[in-house]
Amino acid sequence: MGMIDSLLGDSPRRHYRRRGYYVFRNVFPVEQIDALADTARNMMPDYPGEHIRQDGRAEVNDFYPGTQLIRNPPFNLHLPLSSDLRPLSVALQALITAPALADRLRELDGAEHYHINQTLLFFAAQTTGFHIDSWALDTVPHGGAHTLWIPLRDMDFKSGLPSILPWPMGKLVSEQELGLSSDRSHTDRYARYHEALSAKLLKDGPEIAAALVRRGDLMVWSSLTPHFTLPSQPFPTERLSLQVLLRPAHVKWGSFTVQPTDYPNTRVLPASDQFSFFVSEDIHRDFGIGEMAPQPIP
Ligand SMILES: [Fe+2]
C-alpha cells in the first residue's frame, strides 16, 4: 500500500480512486424520496405537453404499451421550463442541491461547488450496453465528471440495476489504443469505440459491481468508469430513478473527444452555495434563463 493510500485508509475517496464508483447509504431522507416519487408518478404521466427528452427533442410522453411507464425519459426537469411541472421541478431541485449530497461528493473529490449538467427521470429501466459517460460529459483531463444514480424506490436484483466494471479513476483507453481512427463521424466513433472497448473488457470475464440500493441511497461513478444496465424482470416494470451528470465547477470542461485548453464561458442558474445548474445556449435563448458563470481562478 502506498503512502497516499495508507493516509486515506478505506475512505470513500480511496475506494473511488481505485474502483471508479462508490455507493453511499442513507444520503437522503426516505420521506423526501417518497414525496418526490409520488409527485413524479402523479404529475409526469398525466402531463399532456411536450418536454425535452433524452434524445434532446421536445416530445409528449410515450408509454410502454398498456402501462403508465414513460419510455422517453424527461430530460432536465430540474430546470424551470414549464409552470405546469413546477412542483416536480422544485422537488427535484431540492433533492439534487441537498447539502448532504454536496458533502458526499466532497468526500470523493474535495470540490466546493458543482455544476449540474443534466438530469434524466427514468420510469423504467433502459437496457444499455457497456459504455462510458465521458463521451457525453467529462473534464480536462478526463475522468473528473460524476454520474449519480438515485433510486426513487427500493431496488432488488430484478429491478434493472446499473452495473459497474470497477475501474481506476482517470484510466483512459484511447481510440488509438484500440486501433481505431478518429477521422469518422462522432456517431461512428462512439459505436466503434464501445464495440472495441466491450470486446477488450469482456473477454476475460470480469467481475462487476451492482448494489441493491434502497430509497435514500446514492450510487456514483466516474465519467471513465465502464458500466451497463442489467435487464429488468418483468419488463417493463417500474424502476423510478434519477440520473444526474455533474462536474466540479473549478475544473476545465471537456468530453471524451474534445479536451479544450481553456475554461469555457458557460451559463448557469445559481442554485445553492454548493450547486449551480448548467444552462445551454438553446435553453437560454428559448427560456431566458441563465447567467454567465464566473471564471474559476486558475
Ligand atoms: Fe451511462
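**A strand and its partners**

A: In E10, Ser-241 is the bridge partner of Phe-122. The model is predicted: local features need pLDDT of at least 70 and side-chain atom pairs count only at pLDDT 80 or more, while totals for chains, interfaces and linings use all residues. Residues are numbered from 1 along each chain as its sequence is written.

Strands (E, at least two residues) and helices (H or I, at least four) are DSSP runs numbered from the N terminus, and two strands pair if DSSP finds at least two bridges between them. E10 covers residues 238-248. Strand E4 (residues 114-124) pairs with E10 in the antiparallel sense over 9 bridges. Strand E6 (residues 146-151) is also antiparallel to E10, with 6 bridges between them.

A residue is buried if 20 or more other C-beta atoms lie within 10 Å of its own, exposed if 12 or fewer, and partly exposed in between, with C-beta atoms placed from the backbone.

Two residues are in contact if their C-beta atoms, placed from the backbone, lie within 7 Å. Leaving aside neighbours within four places in sequence, Val-244 is in contact with Ile-96, Ile-116, Thr-119, Leu-148 and Ile-150.

Val-244 also belongs to the largest nonpolar core, which has 61 residues; together with Ile-116 and Val-220, Val-244 touches the most other members. E4 supplies the largest share of this core, 6 residues. Such a core is a set of buried Ala, Val, Leu, Ile, Met, Phe, Trp, Tyr and Cys residues joined through C-beta atoms within 7 Å. In soluble globular proteins, nonpolar side chains tend to be buried together.

Lys-252 counts as partly exposed because 18 C-beta neighbours lie inside 10 Å. Leaving aside neighbours within four places in sequence, Lys-252 is in contact with Thr-139, Val-140, Pro-260 and Tyr-263. Thr-139 and Lys-252 are 113 residues apart in sequence, yet their C-alpha atoms are 5.6 Å apart in space.
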